[in-house]
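Thanks for coming. I have one structure to go through today, and I will keep it short.

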Amino acid sequence: MSAPLLQLEGVHTHIGAYHILHGVDLQVARGELTVLLGRNGAGKTTTLRTIMGLWPPSSGTIRFDGGEIGALSTPEIAHRGFAYVPENMGIFGDLTVRENMLLAARGAKRVEDIDAARLEWVFGLFPALRRFWQHPAGLLSGGQKQMLAVARAIIEPRQLLLIDEPSKGLAPAIIQNMIVAFRELKQTDTTILLVEQNFHFARQLGDQVAVMDGGRVVHAGSMADLAGDEGLQQRLLGLSLAAHQ
Amino acid sequence: MNAITTANPAPEALPTVTPDRIPLLLLPVLAIAALPLMGSFSTWVTLTFAGLAMGMIIFIIASGLTLVFGLMDVLNFGHGVFITLGAFLATTVLGRMTGWTESESLLRNLLAVLPAMGLAMVVAGGVGLAFERLIIRPVYGQPLKQIMITMGGMIVGVELIKVIWGAQAIPLPLPAAFRGSLLFGEAAVEKYRLISVIVGLAVFAVMFWVLSRTKVGLLIRAGVQDREMVESLGYRIGRLFVGVFVAGSALAGLGGVMWGLYQQTVTPEMGGQINVLLFIVIIIGGMGSVGGCFIGSLLVGLVANYAGFLAPKVALFSNILLMVIVLMWRPEGLYPVGKR
């Protein structure tokens, strides 16, 4: 087995006086989709933000592609090959869809500089973005905003996508659309770390899974094993898979 | 990468995009409402031009301040020092070029004024860089300390200006070709006010172009809304902020030259006096909004001039009243910035 692309060891994070992460150990395998599951307040979002340098770790190591990144600033981490989709999607509502995409394409000064084939591919994944290209992103529906958030993350090739609850608040039909898009992404060997609470969504996409509780990873293994073990689901997540379907 | 066709359950149409033009209408509505109160059309034209000229100069000064707040939530109460600095530099440059400024030739006047403006912008920008590094950077994210330390920075700056130029007022006469008025029928419009309007419009046009047509402008607009996301996309917002702060300081220096020429006198306290107007303008406009700052500046200029003519005793209070009315109508200002 090749070395993991991302590896966290004993990561602690404090936010002000609060101790949120209590020694997170996590590995994200290269070319696979790893799902981070857990209840509300388990520390999933904090883990992603810590990886991105938005809340720097107070101790522990974060290694990416062999190099330590725990002390780097957020822009430096992004330049290492990370793309981040936060829980609130981070859409610039006053800018158009086109302007949002142009910002995400760091190498492009103008839209014309964006790789046309890649843009077409993104439009293929999310056709609504082509239709609303010149519209202010703030006017998009919740599902369309989520599509734009993911589209921004993939408009240029990145080594690792960190995506926080892409299914949150979306209608079932749009969630299905997202699943199709993520499957297409997986075919491009993109490495993804996905935070989810929707186990039904996670099960359809995940290769690996890590379950968090109380600011720690309490289980790590293959998604197939977790999906096939109702007792484990009950113990780790408090609900069986059937209850999520 | 093969394009795939996904089911698209999203609705086909979005709400129609209708730009919010109501705040824009405030300017003609205010001007037209003032017309019957002025007694004569020529007085109204003169006062309206005076108001627009004052508003344009305030906009030049305040535009950087509103962007600085929008990008980093930094309330810089020391902004006035750059105004004062620019004005005093102009007294030095123009004082040494009286042969040029007293010439009736517009070209010779411009060859004196433009270097004064250029020097004011360069020095104010440089001092702004030092101000950001030494005074503001240590107190990012600490609003109360920002207020205290930027006010302190302004006091120290003004005292340094007094050390260099003295504590007395220094006259800053208009160059010869800028003096006098142009007559439009019976209405007299001072030439310098016309020049101020033209310069203000030019600054607004350049700023509009940069913000809407360049990637740096896009980053500034995005940073005003969500700086954390801009950093997550890989851009160093700190550098962007320094650039905006320096540009804002340089524009304040330019505004200081123009304000000094407008008043024809320069005092060490002038920056502090205009600071109040600047904060009224950026609050009225919506903090972080350049468009709002533009409308707010013109409203403040018009109200100050109309009130000064109609009811001089309430002139000082008039802009506070304007701010209260606007905030009762739109509590986040005319063009609120969708911040996270």
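This is a predicted model: local features need pLDDT of at least 70, side-chain atom pairs count only at pLDDT 80 or more; totals for chains, interfaces and linings use all residues.

Start with chain A. Its secondary structure is 11 helices and 10 strands. The radius of gyration is 18 Å, close to the 18 Å that the globule rule gives for 245 residues, so chain A is as compact as a globular protein of that length. Along the principal axes, its C-alpha trace spans about 50 × 40 × 40 Å. Of the 245 residues in chain A, 47% are buried. As for contacts, take those in chain A between residues at least 6 apart in sequence: 68% of them join residues at least 24 apart.

Where does A:Ala105 lie? It sits in the loop between helix H3 (97-104) and helix H4 (116-125) of chain A. Is A:Ala105 buried or exposed? There are 20 other C-beta atoms within 10 Å, and the cut-off for buried is 20 or more, so A:Ala105 counts as buried. Setting aside neighbours within four places in sequence, A:Ala105 is in contact with A:Ile114, A:Ile155 and A:Glu156. For a distance along the chain, A:Pro86 is 19 residues from A:Ala105, and their C-alpha atoms are separated by 17 Å.

On to chain B. Here the secondary structure comes to 13 helices and 4 strands. The radius of gyration of chain B is 21 Å, close to the 20 Å from the globule rule for 340 residues, so this chain too is as compact as a globular protein of that length. The C-alpha trace of chain B spans about 75 × 50 × 40 Å along its principal axes. Buried residues are 48% of the 340 in chain B. Among contacts in chain B with a separation of 6 or more, 78% are between residues 24 or more positions apart.

The helix pair is H3, residues 80-95, and H11, residues 270-285, both of chain B. How do they pack? Their axes come within 7 Å and cross at roughly 135°. Angles over 145 degrees would count as roughly antiparallel, and 65 to 115 as roughly perpendicular; H3(B) and H11(B) are therefore oblique to each other. The crossing of H3(B) and H11(B) is right-handed.

Which residues meet there? From H3(B) they are B:Gly80, B:Val81, B:Ile83, B:Thr84 and B:Ala87, and from H11(B) they are B:Met270, B:Gly271, B:Gly272, B:Ile274 and B:Asn275. By type, the contact of H3(B) with H11(B) has 5 nonpolar residues, 5 polar and no charged.

Key
Residues are numbered from 1 along each chain as its sequence is written. Chains are lettered from A and ligands numbered from 1 in the order in which they are written. Helices (H or I, at least four residues) and strands (E, at least two) are DSSP runs, numbered from the N terminus. The radius of gyration is taken over C-alpha atoms; the globule rule is 2.2 Å times the number of residues to the power 0.38. A residue is buried if 20 or more other C-beta atoms lie within 10 Å of its own, exposed if 12 or fewer, and partly exposed in between; C-beta atoms are placed from the backbone. Two residues are in contact if their C-beta atoms, placed from the backbone, lie within 7 Å. Axes are lines fitted to C-alpha atoms, for helices over the stretch in contact, and angles run from 0 to 180 degrees between N-to-C directions. Angles under 35 degrees count as roughly parallel, over 145 as roughly antiparallel, 65 to 115 as roughly perpendicular and the rest as oblique. A crossing is left-handed if the near helix is turned anticlockwise from the far one by less than a right angle, and right-handed if clockwise. Ala, Val, Leu, Ile, Met, Phe, Trp, Tyr, Cys and Pro count as nonpolar, Asp, Glu, Lys and Arg as charged, and the others, Gly among them, as polar.
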